[in-house]
Amino acid sequence: MGWLPAQGRLAAGLLVNLAASICIVFLNKWLYVRLGFPNLSLTLVHFAITWLGLYLCQALGAFSPKSLQPAQVLPLALSFCGFVVFTNLSLQSNTIGTYQLAKAMTTPVIVVIQSVAYGKTFPLRIKLTLVPITLGVFLNSYYDVKFNVLGIAFATLGVLVTSLYQVWVGAKQHELQVNSMQLLYYQAPMSSAMLLFIIPFFEPVFGEGGIFGPWTLSAVIMVLLSGIIAFMVNLSIYWIIGNTSPVTYNMFGHFKFCITLLGGCLLFKDPLSVNQGLGILCTLFGILAYTHFKLSEQESSKSKLVQRP
């Protein structure tokens, strides 16, 4: 029976990540739609709570901070700001279905960036999986009855900046020999400082609609809860990657993708046409195929390393 505690911890970690990942989407959407809470200000709250959470984690010995120069982290902090802000603006302006599918375009864009900027080559079968992903996103967006140009612009910018961020994070982790928590420990306060400077130019700070406006106690609690859940998402992703296989992590991600789409239809009454449904299925097929081929590629590489004398 010695395996039960380990299995229980794994199940608990997966459930925490599932609940947090789904709750953060719906809670943020509710804060934007029902309360009209300012986007940049909510992002600032998320960054501040993430940094405080990481500070507690390192104080408790969960990880050891590594000394880094601000100039080394500055590009990441800027792109971190951009990808979170534009992703949240996409969520605020689009239906949850369009928001969720737009994020799937990150994979094709990363492939393009790595091919053009870093000279990385990808097998033909990997490139072909990007066709159904892109086609599905286009079908969903084209037939979305709540389609709006501003929302698509935010989604596009979100995808571009997120893709750059993910490529840079991988490169920086390798270059600086740090893990994701050590890197985020420096990014979060720098990104918070940037937003503190930017917010007064785009959003009210005091008065109606400002971060220090006359919000009710329940609204303040929901905003703080959103920040705590955002931190839990980051922490649980780090834990899952360290304690499960790539197959588990990716398959679990697809499950969350489907649950979030379903929740958007049920909770926010997002309309879903037959053509949008086909677009979602098309994108999901492309994501599953891409994951299958990438994992097969990784397993093949491991086998070759093991077989070497």
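## Overall fold

Read from one end of the sequence to the other, the chain follows the pattern α-α-α-α-α-α-α-α-α-α-α, which amounts to 11 helices and zero strands. Here helices (H or I, at least four residues) and strands (E, at least two) are DSSP runs, numbered from the N terminus. The model is a predicted one, in which local features need pLDDT of at least 70 and side-chain atom pairs count only at pLDDT 80 or more, while totals for chains, interfaces and linings use all residues. Residues are numbered from 1 along each chain as its sequence is written, and side-chain values use heavy atoms, with hydrogens and water left out.

Of the 309 residues in the chain, 46% are buried, where buried means under 20% relative accessible area, exposed means over 50%, and partly exposed lies in between (1.4 Å probe, protein chains only). Among contacts (heavy atoms within 4.5 Å) between residues at least 6 apart in sequence, 86% join residues at least 24 apart.

## Annotated transmembrane regions

An unreviewed UniProt entry lists residues 12-32, 44-61, 73-91, 97-117, 149-171, 183-202 and 214-241 under "transmembrane region". UniProt positions are given in the numbering used here, feature names are shortened, and annotations may be inferred rather than shown by experiment.

Two of these spans can be compared with the model. Residues 44-61 are 89% helix and 0% strand, and their end C-alpha atoms lie 26 Å apart; residues 183-202 are 100% helix and 0% strand, with end C-alpha atoms 28 Å apart.

## Covered positions in the helices

Helix H4 (residues 96-104) is mostly covered, since eight of its nine residues are buried, among them Ile-96, Tyr-99, Gln-100 and Leu-101. Thr-129, which has its place in helix H6 (residues 124-142), is also buried, with a relative accessible area of 4%. Leaving out residues up to four places away in sequence, Thr-129 touches Gly-286, Ala-289, Tyr-290 and Phe-293.

In helix H3, Leu-76 is buried, with a relative accessible area of 1%. Leu-76 and Tyr-165 are 89 residues apart in sequence, yet their C-alpha atoms are 6.5 Å apart in space. Beyond residues up to four places away in sequence, Leu-76 touches Tyr-165, Trp-168, Val-169, Lys-172, Leu-183 and Gln-187.

## The salt bridge

The structure holds one salt bridge, a term that means a side-chain nitrogen of Lys or Arg within 4 Å of a carboxyl oxygen of Asp or Glu. The side chains of Lys-172 and Glu-175 meet in it, at 3.7 Å from N to O. Both residues lie in helix H7 (residues 149-176), three residues apart, about one turn of the helix, and Lys-172 is buried, with a relative accessible area of 17%.

## The second largest pocket

Rolling a probe the size of a water molecule over the atoms shows where empty space is left. On a 1 Å grid over the protein atoms alone, a pocket is an open set of points where a 1.4 Å probe fits, with protein on both sides within 12 Å along at least five of seven lines, and lining residues have an atom within 4 Å of a point. The second largest pocket holds about 290 Å³ of space, a volume being the space filled by probe spheres set on the points, which are joined across faces, edges and corners.

Of the 15 residues that line this pocket, Asn-39, Leu-40, Val-85, Leu-89 and Phe-202 are the closest to its centre. Helix H2 (39-59), helix H3 (70-93) and helix H8 (180-202) are the elements that give two or more residues to the lining, and the largest share, six residues, comes from H3. The lining divides into nine nonpolar, five polar and one charged residue, where Ala, Val, Leu, Ile, Met, Phe, Trp, Tyr, Cys and Pro count as nonpolar, Asp, Glu, Lys and Arg as charged, and the others, Gly among them, as polar.
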